[in-house]
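Please give a short briefing on this structure for someone who has not seen it before. Keep it brisk and group the points by topic.

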Number of protein chains: 2
Amino acid sequence: MVKTLRDVGELEAIRLLTRGASGREDVVVGPGDDAAVLRCDPGEDLVATTDGMVEGRHFLPVWLTPAERGARLAAVNLSDLAAMAARPRWALLAIGVRPQHEMKSLLEFQGGLAAALAAEGAVVVGGNLAAVRGDEWWSLTLLGSVARGRAWTRAGARPGDLLAVTGWPGRAAAGLALSRLESPEAFRAASDEAWKPLLEAWLRPRARVGFALALAPAGAVTAAIDVSDGFAGDLARLCEASGVGCDVHARSLPVDPPLERATGALGLSFTTLRFGPSDDYELLLAIDPGRRDACERAARESGTPLVFAGRFTDRRGELSLVTADGATRPLEPRGFDHFAGER
Amino acid sequence: MVKTLRDVGELEAIRLLTRGASGREDVVVGPGDDAAVLRCDPGEDLVATTDGMVEGRHFLPVWLTPAERGARLAAVNLSDLAAMAARPRWALLAIGVRPQHEMKSLLEFQGGLAAALAAEGAVVVGGNLAAVRGDEWWSLTLLGSVARGRAWTRAGARPGDLLAVTGWPGRAAAGLALSRLESPEAFRAASDEAWKPLLEAWLRPRARVGFALALAPAGAVTAAIDVSDGFAGDLARLCEASGVGCDVHARSLPVDPPLERATGALGLSFTTLRFGPSDDYELLLAIDPGRRDACERAARESGTPLVFAGRFTDRRGELSLVTADGATRPLEPRGFDHFAGER
């Protein structure tokens with residue numbers, strides 16, 4: 001017999017979803033009481049974020065396995081903490097699932113979530129489970145800590161600071177678009193090595209927590225944001241918060257053969273894929289030019305691909321793309337609005 | 001023209017839903033960045049809980065106005081912190097709403113939530129908004145603080161400790177049941193003064209935060225839980241966590257004329273209403289007998305109705321009801337399971 005949530009019951013399901021918090025020194029009271037009691041270190045600030053996903057909107061069950069869904073839920077929240085230079089510590093999970101949801105799937109989800117959190121030092125300390133009739137939803141609140149007063153914010157970039165970019169922005173958008181060309185099963189089956197990095201970027205994003213924590217003590221970062229909506233859109237937000245503009249040097253960004261190849265299959269330009277709406281969970285950082293070395297060292301030590309690909313300017317709100325031939329043109333900030341579709 | 005979420009867009013809606021956090025010393029970075037940065041006091045532990053509600057399951061739109069829904073979402077989370085003796089401070093809001101949701105309603109919800117949180121010293125510092133196709137959902141994570149190592153838990157009650165009970169448990173169940181007898185509109189219109197306290201208990205529960213904070217310094221409480229599922233069910237959980245039993249003295253509990261009257265209209269016994277499934281958000285406390293005075297003083301000072309209505313025993317897991325005539329019978333723990341219905 002297939003066991004469902006209805007067979008197991010709410011309390012037992014919550015117990016299973018929130019296991020693994022015992023034995024940590026910073027968890028004074030774990031799951032199972034009215035609330036969790038957590039121990040902050042003196043001299044640290046608390047950093048808190050919440051992000052989630054909704055069936056049919058952020059994912060379709062056939063695309064993501066339950067474990068991938070859990071890992072993704074962790075990653076989107078971990079990335080917010082990475083963008084603040086915070087050390088991930090505690091998570092609270094709230095989900096709405098149908099009573100006929102299979103326990104096997106729920107436990108696979110829990111496994112994916114817990115493993116992805118544990119890889120960065122965090123653990124689920126509390127949860128809530130609601131029964132829904134229609135689409136399921138999964139929401140996480142992630143708490144972390146940072147040395148008092150040392151959190152990175154979006155505000156603080158100064159004209160002359162360098163733009164540092166991790167990884168390969170745009171890959172997630174290409175992976176998503178490719179998977180929509182055919183049925184997800186057919187796409188998975190047919191995926192050759194050429195598409196794999198794109199699909200991976202979209203299915204299994206990995207937040208840049210290790211790099212952020214390696215870089216934080218250097219004091220090199222004047223502003224930071226993670227790419228959850230798209231390179232240009234998120235860079236525009238950082239510039240707006242900091243009151244600066246930015247020249248992005250296309251030549252300094254990494255070549256990306258898989259992304260190049262995808263342009264043909266998708267009928268989209270490389271620029272659209274790289275800078276348009278895409279949730280890559282890479283970091284965009286404003287770096288004090290005098291501390292560029294520290295930034296490169298942190299990237300090397302944490303095994304993080306990183307380039308310096310631009311410079312912030314005093315042309316407030318202006319994003320420009322300097323192309324390979326030296327020409328300059330406006331870089332349009334475009335993000336994704338879940339209520340309006342692509343803007 | 002009626003303005004909807006789709007007209008306003010995701011970012012502006014999140015901005016409106018999370019306004020009001022500026023100017024607080026314990027909010028270093030408020031809404032609008034990748035995460036919120038919050039300042040804990042040295043010598044304090046962090047207390048975290050998450051609870052929410054789903055349309056059609058926890059509420060029907062015709063029963064609760066948007067502002068009442070917001071206040072209720074605050075109350076159910078505030079009550080968890082009250083049960084840990086924690087001071088409410090910061091909240092993160094995650095909601096799933098239809099794109100055609102009217103902004104007016106969303107802002108009324110925000111107003112009700114913010115006012116209920118502010119009344120206890122808390123503020124929304126971050127949020128996430130997802131578009132849904134079907135039922136809407138509302139989830140809150142609430143963070144508070146408590147003197148290091150001084151959080152109340154469910155474990156700690158000892159044989160001989162007194163059972164203290166706030167307010168009038170069972171009223172919320174009666175209010176809910178009464179409202180189902182006829183259409184919600186007819187019920188509201190017809191509600192006379194006799195039913196009003198019952199309806200209020202269900203529509204507008206108020207967490208016992210003030211009482212908990214007044215009582216906390218006395219060191220009188222050995223265990224605590226809030227009544228979110230029902231008197232007997234929640235008392236059973238406290239007893240299980242503490243490894244004790246409890247004799248409940250029916251005569252010591254407050255008489256409750258509105259609840260008495262409801263038994264006729266509902267065809268349910270007083271005992272069923274008082275001890276059965278009901279989310280009253282009252283507190284059940286185990287009190288050191290030597291500090292009973294301190295408990296009474298905190299109740300008086302905070303204007304909280306309180307009775308001593310039983311004694312914990314060494315008969316592990318055994319709940320007994322001592323009736324007015326001195327007879328003793330088992331008190332059945334019954335709670336509510338959202339996946340299975342009433343157990």
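Which residue is the bridge partner of Ala36(A) in E3(B)? The partner is Ala48(B). This is a predicted model, and that bridge belongs to a pairing between strands of two chains: strand E2 (residues 36–38) of chain A and strand E3 (residues 44–54) of chain B.

**How the two copies are related**

- Chain A superposes on chain B by a rotation of 180°, with 0.0 Å of shift along the axis and an RMSD of 0.0 Å.
- The two copies are thus related as by a two-fold rotation axis.
- Within chain A, Pro42(A) has the C-alpha nearest the axis, 2.5 Å from it.
- Both copies use the same surface: 100% of the contact residues of chain A recur in chain B.

**Where the chains touch**

- The contact involves 59 residues of chain A and 59 residues of chain B.
- Strand E3 (residues 44–54) of chain A gives the largest share of the chain A side, with 9 residues.
- By class, the side of chain A that touches chain B has 31 nonpolar, 14 polar and 14 charged residues.

- An open sheet of 6 strands runs in the order E5(A)-E4(A)-E6(A)-E3(A)-E2(B)-E1(B), with mixed pairing.
- Its edge strands are strand E5 (123–131) of chain A and strand E1 (27–29) of chain B, and each pairs on one side only.
- From one strand to the next, the twist averages 25°.
- The chains meet in this sheet where E3(A) pairs with strand E2 (residues 36–38) of chain B, in the antiparallel sense and over 3 bridges.
- One bridge there sets Val47(A) against its partner Val37(B) in E2(B).
- Strand E2 of chain A and strand E3 of chain B also pair in the antiparallel sense, over 3 bridges.

**Helices on the shared sheet**

- Helix H2 (residues 10–17) of chain A lies across E4 and E5 of chain A.
- The direction of H2 runs at about 150° to E5(A).
- Helix H4 (residues 103–118) of chain A also packs on the sheet, touching E4 and E5 of chain A.
- H4 makes an angle of about 155° with the direction of E5(A).

**Two domains in chain A**

- The domain assignment gives domain 1 (5–147) and domain 2 (162–337) of chain A.
- Their C-alpha centres lie 27 Å apart.
- Where they touch, 18 residues of domain 1 are in contact with 19 residues of domain 2.
- On the domain 1 side, helix H3 (66–82) and strand E4 (87–97) of chain A are the elements that give two or more residues.
- H3(A) gives the most to that side, with 10 residues.
- The domain 1 side divides into 12 nonpolar, 1 polar and 5 charged residues.

**A seven-strand sheet in chain A**

- This open sheet has 7 strands in the order E8-E10-E7-E11-E9-E12-E13, with mixed pairing.
- Strand E8 (221–226) and strand E13 (328–330) of chain A each have a single partner strand, so one side of each is left without a neighbour in the sheet.
- Neighbouring strands are turned by 25° against each other on average, direction ignored.
- Strand E12 (residues 319–322) of chain A and E13(A) run antiparallel and are joined by 3 bridges.
- In E13(A), Thr328(A) is the bridge partner of Val322(A).
- Helix H9 (residues 231–242) of chain A lies across E8, strand E9 (245–249), strand E10 (283–287) and E12 of chain A.
- H9 runs at about 140° to E8(A).

**A helix pair in chain B**

- Helix H5 (residues 171–179) and helix H7 (residues 196–203) of chain B pack at an angle of about 100°, with their axes 7 Å apart.
- That angle makes H5(B) roughly perpendicular to H7(B).
- H5(B) contributes residues including Arg171(B), Leu176(B) and Leu178(B), while those of H7(B) include Pro197(B), Trp202(B) and Leu203(B).
- By class, the contact of H5(B) with H7(B) has 10 nonpolar, 2 polar and 1 charged residues.

Note on methods: Residues are numbered from 1 along each chain as its sequence is written. Chains are lettered from A and ligands numbered from 1 in the order in which they are written. This is a predicted model: local features need pLDDT of at least 70, side-chain atom pairs count only at pLDDT 80 or more; totals for chains, interfaces and linings use all residues. Axes are lines fitted to C-alpha atoms, for helices over the stretch in contact, and angles run from 0 to 180 degrees between N-to-C directions. Helices (H or I, at least four residues) and strands (E, at least two) are DSSP runs, numbered from the N terminus. Angles under 35 degrees count as roughly parallel, over 145 as roughly antiparallel, 65 to 115 as roughly perpendicular and the rest as oblique. Two residues are in contact if their C-beta atoms, placed from the backbone, lie within 7 Å. Ala, Val, Leu, Ile, Met, Phe, Trp, Tyr, Cys and Pro count as nonpolar, Asp, Glu, Lys and Arg as charged, and the others, Gly among them, as polar. Domain bounds come from an automatic or database domain assignment. Two strands pair if DSSP finds at least two bridges between them. Copies are superposed by least squares on the C-alpha atoms of residues with pLDDT of at least 70 in both.
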